[in-house]
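Please open the model in your viewer and keep the selection panel at hand. The stops below say what to select next and what is to be found there.

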Amino acid sequence: MKRKLYMTQLASYLLFLAASFAAVLYLTPRLMRRYLYAVSDAEEYRQYIRSQSIAIQNVCYIMCAIILVLSLYPAAVFHLHIYRPLNKIILSAARYTDDLQEKPIVYEGDDELGSLAASLNYLNATVRSSGEYQRKFISNISHDFRSPLTSIKGYVEAMLDGTIPPEMQDKYLGIVLSETERLSKLTESILFLNTFDADGMYLEKTEFDLIPVINGSIDTLQVISRQKNIRIETSFEQPVLMVDADLEKIQRVLYNLIDNAIKFSGSDSSIQIRAAQRHKKVFVSVKDHGTGIAKENLPKIWDRFYKTDNSRGRDKKGTGLGLSIVKEIIRAHGQNINVISTEGVGTEFIFTLERAEKHH
């Protein structure tokens, strides 16, 4: 591209010089003589004009020199301010395709080329970020799949070769089943997030009472909460809280938040779930008294596969995708979710939903 641009500019420049020289050296003297012959009938005057042809030609040569010098200015401007910066941008763009470089294109001009350089820098940063995300994604998903698969493989082999006696196989088959459910949950979560990334999230909004949905989520997790002797307390300001949302996806939000609260709560503790309407919104709060989240980790909890413990989290059965799914669902509804947490004290998640129109 740059060679073609350079050759085009060079050809245009040479054509301009050739045309200018032809006009000055050939057309101008002849036109001048014809004009002077036309305005004078005296033969003596015509002879004088012919005797001055060399002087006229010298003037034309001087004009050619002036044209040549003046033509160098736009050629230099093009080379310094257009061709060289564009060549630099092209070379940098070529390097992007071979090896994504960290150094941005440096161009300080506030013009079209500056906009092009800024766009390429942004594109490079975006591609590099995407590449790093993909590498991190593969690393995380490989770890989360490898761990349960290794357990399943190990226990099954142990049962087959007799290392685990028949009377103990029920116990380890239960572990295999638990690990299989973990893999199923992880796969389902990944497919859900990838579907959202590809096509956006389709919402089947309906108007429904939020209170039975909250109670249903609590009932679903009742067995887990009882194992840790955790009390789940509810508080609703109104007997009916009608919202306009996707029922199935809000069930998923509530399940993930309550399940998360149970996982990070200690035994013999409590979880409070509150819901109240304010103007055109319904506010829902899920509060636990568990381990809490360090202040520096709060912005990261929405990241996919992030777990607050660097050794893959306190909850070894978690996928690290629950809060990411919650965030995506609430964002798809055009609503907000916030978190308040103090390490060693507890965590509270608060999200909003739109009130049903006919119940405003």
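In this tour, a residue is buried if its relative accessible area is under 20%, exposed if over 50%, and partly exposed in between, as computed with a 1.4 Å probe on protein chains only. The model is a predicted one, in which local features need pLDDT of at least 70 and side-chain atom pairs count only at pLDDT 80 or more, while totals for chains, interfaces and linings use all residues. Residues are numbered from 1 along each chain as its sequence is written, and side-chain values use heavy atoms, with hydrogens and water left out.

**The whole chain**

Begin with a cartoon view of the protein, which has nine helices and seven strands. These elements are DSSP runs numbered from the N terminus: helices are H or I runs of at least four residues, and strands are E runs of at least two. Of the 360 residues, 37% count as buried. A contact means heavy atoms within 4.5 Å. Among contacts between residues at least 6 apart in sequence, 75% join residues at least 24 apart.

**First aromatic pair**

How many aromatic pairs does a search of the whole structure find? It finds two. Rings of Phe, Tyr and Trp (the six-membered ring of Trp) pair if their centres lie within 6.5 Å; planes under 30 degrees apart count as stacked, over 60 as edge-to-face, and the rest as tilted. Select Y155 and Y172, a tilted pair with 5.1 Å from centre to centre and 40 degrees between the planes. Because Y155 belongs to helix α4 (residues 112-160) and Y172 to helix α5 (residues 169-199), the pair ties together parts that are 17 residues apart in sequence. Y155 has a relative accessibility of 26% and so counts as partly exposed, whereas Y172, at 18%, counts as buried.

Next, select W302 and F349, whose rings form an edge-to-face pair, 5.9 Å centre to centre with 75 degrees between the planes. This pair links distant parts of the chain, 47 residues apart: W302 is in the loop between β5 (281-288) and α9 (322-332), and F349 is in strand β7 (residues 346-354). W302 is buried at a relative accessible area of 16%, and F349 is buried at 3%. K327 lies over the face of W302, 5.0 Å from the ring centre; a charge sits over a ring if NZ of Lys or CZ of Arg is within 6 Å of the ring centre and within 35 degrees of the ring normal.

I337 stands opposite F351 in β7. Three residues lie between the strands of this hairpin, where G344 takes a positive phi near 85 degrees.

**Strands β1 and β3**

Now select strands β1 (residues 205-209) and β3, which pair in the antiparallel sense over five bridges. E207 stands opposite D244 in β3. Strand β3 (residues 242-246) is mostly covered, with four of its five residues buried.

**Helix α8**

Continue to helix α8 (residues 247-263). The expected span of a helix is 1.5 Å times one less than its number of residues. For the 17 residues of α8 this gives 24 Å, which agrees with the 24 Å between its end C-alpha atoms. At the start of α8, a side-chain oxygen of D246 reaches to within 3.2 Å of the backbone nitrogen of E248. The buried residues of α8 include I250, V253, L257 and I262.

S225 is buried, with a relative accessible area of 0%. Leaving aside neighbours within four places in sequence, S225 is in contact with I230, I232 and I262.

Most residues other than glycine have a negative phi. N229, in the loop between α7 and β2 (231-236), has a positive phi near 55 degrees. N229 is partly exposed, at 45% relative accessible area. Finally, select D268, in the loop between α8 and β4 (270-278). Phi of D268 is positive, near 60 degrees, and D268 is exposed at 55%.

Conventions:
Polar contact = N/O pair within 3.5 Å; in protein donor to acceptor, adjacent residues only side chain to side chain. Pairing = 2+ DSSP bridges.
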